[in-house]
Amino acid sequence: MIEVQNLTKAYGLVTAVDHVSFTVNKGEILGFLGPNGAGKTTTMRILTGFMPATSGTARVSGFDVAQDSLEVRRHIGYLPEAPPLYPDMAVGTYLDFVLRIKNIPAERRRARVDDAIEKTNLGDKRTQLIKRLSRGYKQRVGLAQALVHDPDVIILDEPTVGLDPKQIIEVRHLIKSLAGSHTIILSTHILPEVSMTCDRVVIINKGKIAAVDTPQNLTTQLKSGQRIQLEVRAPEKPMQELLGQIPGTSRVQLDSSRADGHLTATVEAAPGQDIRSVIAAKIVEKGWELYELRGVSMSLEDIFLELTTDDAAHAQPSN
Amino acid sequence: MRSLYAIYRKEMGHYFVSPIAYVLVGLFLFLSGFFFDLYVNAANDQAPDAPTWVLRAFLGFLALVFLFFLPMVTMGVYAEERKRGTMELLMTSPITELQIVLGKFFASLTLFGAMLLPTAGCVVFIWLHSDPVPPFRIVLSGYLGALLFGGSLLALGSFLSSLTENQIIAAALTFAAFLVLWAIDFGTRGASGPAGQVLQYLSVINHYDDFTRGIIDTAGVTYYLSFIILFIFLTVRSVDSMRWRRA
């Protein structure tokens, strides 16, 4: 549905998007994850035909965004970071206007507006002026605008920004319900959002793709580099030595600041082997009291930080 | 065509649903009515051409008021859309820049027409109270001239509005540009020599004078139409350039 190849966008000397390639299949939800300024918005703007790329190609619904911009725009619904609203219009009038500029014939407009209003739960706000709506409702009108013409592809730039937790959940449900019949790209810097809504994730940092995979794979892939947390009653120094001697441990961190005198330790282990039983056996052997031992899978948050900060560390010396 | 109409319709809604149109039209009519009254009282009752004089003075006065009012019509046309981010909606919809620009231009021209039309009441007044009545072609050519002259100012003002995100800056730029146009005309009036004549030909106001005399000069019509087309073209380029900017 969407094919992006070697997409590059340079603003003068700054390269905002650097040889980005990915594809999105029909009906899929792709999450675009990255810190602010990573190039998410720029990529989306190129896909929506708002701005041209410096080099590389992007195709949406089979149309090239540069050559067939108008055709691409016909197949796309787009919610920019700030919802593009006319404050003096009523919600229904606004959606009707959007349908008009999307070239939807008159006989279909009424039903489309009804449908979008129903999906975004705006029933009681239909005749209200947009300027009188709260931030959350405005965001929903923005969403309604992106899907009102029933486009093949919906591109959402940070769709849950500015919403309260309840609204965030509603919006996520809405996005999930749209998948299948629509292909969706959404950007966010909120990690749980990606693991909850997206089929696949593109992690982007400094204009480059750091990883592309399903949220589950990304999590398990890095889980193999295991992290173990334990709580024991033991002398600090020997404990440190003991953990250090176990083959496969890469980093040991001890914390003796607990009020009850227990030690907590975090051990990072090399991928491929499970050393939990080894640790348990050794501690028991010493006669220390083991209260807790558990493997912690790295969350998407850790992966994200790892990928993006690693990248920064590599990039710095070369600059 | 449908897309162009969608933009036109939206702009008309913007003008006429909000108080903008009513305030502008209201103030414009108040001023023109007030000055019409002044001209009628100042006219020499005994002179046989007094009605013609009043009509011409009134049409000339209208041009001056346009210079003050039209910056307010066009200042927000693009600046406001850019500031609100709605330009991004328009530019990611299947419509061309030309459709956007023309839709907006025709809407501002319609608002201008709504300002101009009620002044016909003053003309009717002249007709009812003068004998002999002034030549009707002055009315026709005068209003045609006003439409062309106003259209030119609107095209220029819209272009200037597309250069900035700030309505106040857009209004100030437009107002300054109008003043310069007026100053060129004022400064070169009656000037001789090639430089003065070139500037007189280029003066937006000078051509309007011909129209208020009842002369429809193809040079004047061509001049205004070229002026409008030039600035519509520049606005299209300016809107297109928004795609290339970083923001």
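A residue counts as buried when 20 or more other C-beta atoms lie within 10 Å of its own, as exposed when there are 12 or fewer, and as partly exposed in between, with C-beta atoms placed from the backbone. The model is predicted: local features need pLDDT of at least 70, side-chain atom pairs count only at pLDDT 80 or more, and totals for chains, interfaces and linings use all residues. Residues are numbered from 1 along each chain as its sequence is written, while chains are lettered from A and ligands numbered from 1 in the order in which they are written.

**View 1. Helix α1 of chain A, residues 40-47.** Helices are DSSP runs of H or I with at least four residues, strands are runs of E with at least two, and both are numbered from the N terminus. Eight of the eight residues of α1(A) are buried, so the helix is largely enclosed by the rest of the structure. The buried residues are A:K40, A:T41, A:T42, A:T43, A:M44, A:R45, A:I46 and A:L47. Just after the helix, A:G49 has a positive phi of about 80°.

**View 2. Strands β6 and β7 of chain A.** Strand β6(A) covers residues 76-79 and is buried on both faces, with A:I76 and A:Y78 on one side and A:G77 and A:L79 on the other. Its parallel pairing with β7(A), residues 153-157, runs over four bridges; strands pair if DSSP finds at least two bridges between them. Across this pairing, A:I76 faces A:V153 of β7(A).

**View 3. Surroundings of A:I155.** Two residues are in contact if their C-beta atoms, placed from the backbone, lie within 7 Å. Leaving aside residues up to four places away in sequence, A:I155 touches A:M44, A:L47, A:T48, A:I76, A:Y78 and A:I185. Of these, A:M44 and A:L47 are among the buried residues of α1(A), and A:I76 and A:Y78 lie on one side of β6(A).

**View 4. The largest nonpolar core.** A nonpolar core is a set of buried Ala, Val, Leu, Ile, Met, Phe, Trp, Tyr and Cys residues joined through C-beta atoms within 7 Å. The largest one has 127 residues, and those with the most contacts inside it are A:Y94, A:L95, A:A144, A:I155 and B:F149. Helix α8 of chain B, residues 136-161, gives the most to this core, with eleven residues. Another core lies apart from it and has twelve residues, including A:I228, A:L243, A:A265 and A:V267.

**View 5. An open sheet of four strands in chain A.** The strand order is β2-β1-β4-β5, with antiparallel pairing. At the edges stand β2 (14-24) and β5 (63-64), each with a single partner strand, so one side of each is left without a neighbour in the sheet. Strand β4(A), residues 55-60, runs antiparallel to β5(A) and is joined to it by two bridges. In this pair, A:V60 stands opposite A:F63.

**View 6. Positive phi at A:H19 and A:K206.** A:H19 is not a glycine, yet its phi is positive, near 45°. This histidine is found in strand β2 of chain A. With 14 C-beta neighbours inside 10 Å, A:H19 is partly exposed. A:K206, also a residue other than glycine, has a positive phi near 50°. The lysine is placed in the loop between β9 (200-205) and β10 (208-213) of chain A. A:K206 is partly exposed as well, with 18 C-beta neighbours inside 10 Å.

**View 7. Chain A and its domains.** Chain A has eleven helices and 14 strands. Its domain 1 (2-221) and domain 2 (226-296) have bounds from an automatic or database domain assignment. Their C-alpha centres lie 46 Å apart. Buried residues make up 40% of the 319 residues of chain A. Among its contacts between residues at least 6 apart in sequence, 68% join residues at least 24 apart.

**View 8. The helices of chain B.** Chain B has twelve helices and zero strands. Its radius of gyration is 19 Å, close to the 18 Å that the globule rule gives for 247 residues, so chain B is as compact as a globular protein of that length; the radius is taken over C-alpha atoms, and the rule is 2.2 Å times the number of residues to the power 0.38. Along the principal axes, the C-alpha atoms fill a box of roughly 65 × 45 × 30 Å. Of the 247 residues in chain B, 38% are buried. The mean pLDDT of chain B is 90, and 99% of its residues reach 70 or more, where pLDDT is the predictor's confidence in each residue, from 0 to 100. For the complex, the predictor gives an ipTM of 0.88 and a pTM of 0.83.
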